Structures are given as C-alpha cells and as structure tokens.
Amino acid sequence: MQAASANTATVISTEDFLTFREFFYRKTGILFDDAKRYFVDKRLADRIHASGCDNFRSYFTMLRFQASGSELQALVNSMTVNETYFFREEYQFDCLVNSILPELATRKRKGEPIRIWIIPSSSGEEAYSIAMMLMERWPGIHEWDVELVSSDIDTDILAQARKGLYSARSVRQVPPQWLGKYFRRVGENFQICDDLRESVDFTRVNLMDTLDTRRYRGFDVVFCRNLLIYFDDLSRKQAAETFYEALNPGGFICLGHSESMSRISSLFRIRKLPQAIVYQKPLEAS
C-alpha cells in the first residue's frame, strides 16, 4: 500500500487557513479571500512537507520563530503569482519615452541620472522591455544616464530575471528586429543579451516592510502594474505612501489598467498624457 502524498496527508483546517491568512497579510499586505482557499492549502501542504514538519501547528510555530527567515521567504516565493510577458500594456512604455521622460529631462540638471523603479519585477520582462524602449525609442538616452531598479518579494523569480532566459510565449510581442538584436536562441528559448541584463539592478524588497523600503528614494518614475489588485484598501494606502516617499517631487507613477490611484490616495495628481493616464507627485512637495 502506497503512502499518502503530502497534499492529501496534510489537512489544513478552516481555523488553520484563517490563522495563516492573517499572518501572511501582516507580513506581505496580500490578503487571500476564500476563493483562494484551494491555492493556499495546496502550497501550504507542500511547504509543510518540504520543511519536515508533521502538521500545520508545528510548521506555523517554526515559521514565526525561525531566526533566519528562510522558510518564510520560501513560502512567500510559493504563494506569489508571476504572470507577465514582454511589452505588456505597451502604451505605457510609449507614454514613458514620448511624454514622461522628455518632461523630466527639462527639470534635470546635466549629469543627474533619471531613475526608474519597477515593482513587482516578476521574471524581468517589464524592466527589459523598458530598457529596449529607451535604446530604440528615446533619443535622450544618448544624453542622460538612466538607472533601472527592478524589485520583487520573490527571490526565486528575481534569480530568473537575472538569468534572462525566456520562452517563445514570453517574447511573442517583441518586434522581430529587436528580437534579433537583443536575444539569441538557446534551444526553444531566448536568452537576452548581456548588455541589457547588466542595465537592470534586480533587488529583493517587501513593500509592506518600512525597513526594506526606506532604501528606495530619489526615483523619477515608478512602474507598479497589477500588484495593488492583490492588496486590500489599507495595504494599498501604505503602498501609495511608500511610492510617494520614493519619488522625487514631480515624479510619475504608472499603474495597471484596472488600477486607480485616485481611489487609493489623494497624495498624487492625475495627469492625462496623450498616451496614458498616469499619476504625479506634486512638484511643490517637499
């Protein structure tokens, strides 16, 4: 007779689910509703088995008190969803090179870099898409240094981003001439070139941890697309305040097409640019 699998042997009760949900929310700002119960239970059971614990109670105790925090990071990696591709919602990249950057350049001093923060990084497609747009579509790249910082809470996905190896599905919207210029075939996959890989600084950050985010200051543009939909109102407000502190006066933030800063915070003003609606930290903000 075969032993039961980890998923069937480990039972996550409703009380366990609610206890974990509150803990994970406090740690990450992500709130799982009841519809996510199967998703959460399965990944919890996997981590309980992988850690060698016998049940949820022993695992949860270890999770809270482990000094290194390595299991919490492994759990976060398993619970986060990373679904993206190159040039997703490309109109915002058009807005960046045609409206946002030219405006920023008029206020920058010579020799001062333009800094862009991409969060969540996921597997790097968004940051590398921006890098290609800068090289191909923004003449100012020859006059200005641009720093790209791409951050995520998931350390596994950051390792993938740094590696820069992508499936055919992921690169399906890359213009053919750019695909030939910036990628090389590796079997069925596509490896991004070293120059682009080296142009992005990939970093681990928990947006809900002020000790993490206080290092992120002096940015001119933030891309935070399709992350806030996973947060509740309180977490969204905290995220908005973090971005406000991270941006220079007059800096811009781009959200996902279904997200609206106006419903989250009054710290930013709406800018209806020709290519997209974005949000701006007031120039007079200190």
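Contact here means heavy atoms within 4.5 Å. Helices (H or I, at least four residues) and strands (E, at least two) are DSSP runs, numbered from the N terminus. Axes are lines fitted to C-alpha atoms, for helices over the stretch in contact, with angles from 0 to 180 degrees between N-to-C directions.

This is a predicted model, where local features need pLDDT of at least 70, side-chain atom pairs count only at pLDDT 80 or more, and totals for chains, interfaces and linings use all residues. Residues are numbered from 1 along each chain as its sequence is written, and side-chain values use heavy atoms, without hydrogens and water.

I start with helix H12, residues 233–246, which lies across E1, E7 and E8 and runs at about 135° to E8. Helix H7 (residues 125–137) lies across E1 (114–118), E2 (146–152), E6 and E7 (219–224), at about 165° to E2.

Now the sheet. Seven strands form an open, mixed sheet in the order E6-E2-E1-E7-E8-E10-E9; strands pair if DSSP finds at least two bridges between them. The edge strands, each pairing on one side only, are E6 (200–204) and E9 (269–272). The twist averages 25° from one strand to the next. E8 (residues 247–255) and E10 (residues 277–280) run antiparallel and are joined by two bridges. Ile 253 stands opposite Tyr 279 in E10.

Last, a helix pair. The axes of H2 (residues 14–28) and H4 (residues 56–65) come within 11 Å and cross at roughly 10°. H2 and H4 are therefore roughly parallel to each other (angles under 35 degrees). In H2, Asp 16, Thr 19, Phe 20 and Phe 23 meet Phe 56, Phe 60, Leu 63 and Arg 64 in H4.

Definitions and conventions: Angles under 35 degrees count as roughly parallel, over 145 as roughly antiparallel, 65 to 115 as roughly perpendicular and the rest as oblique.
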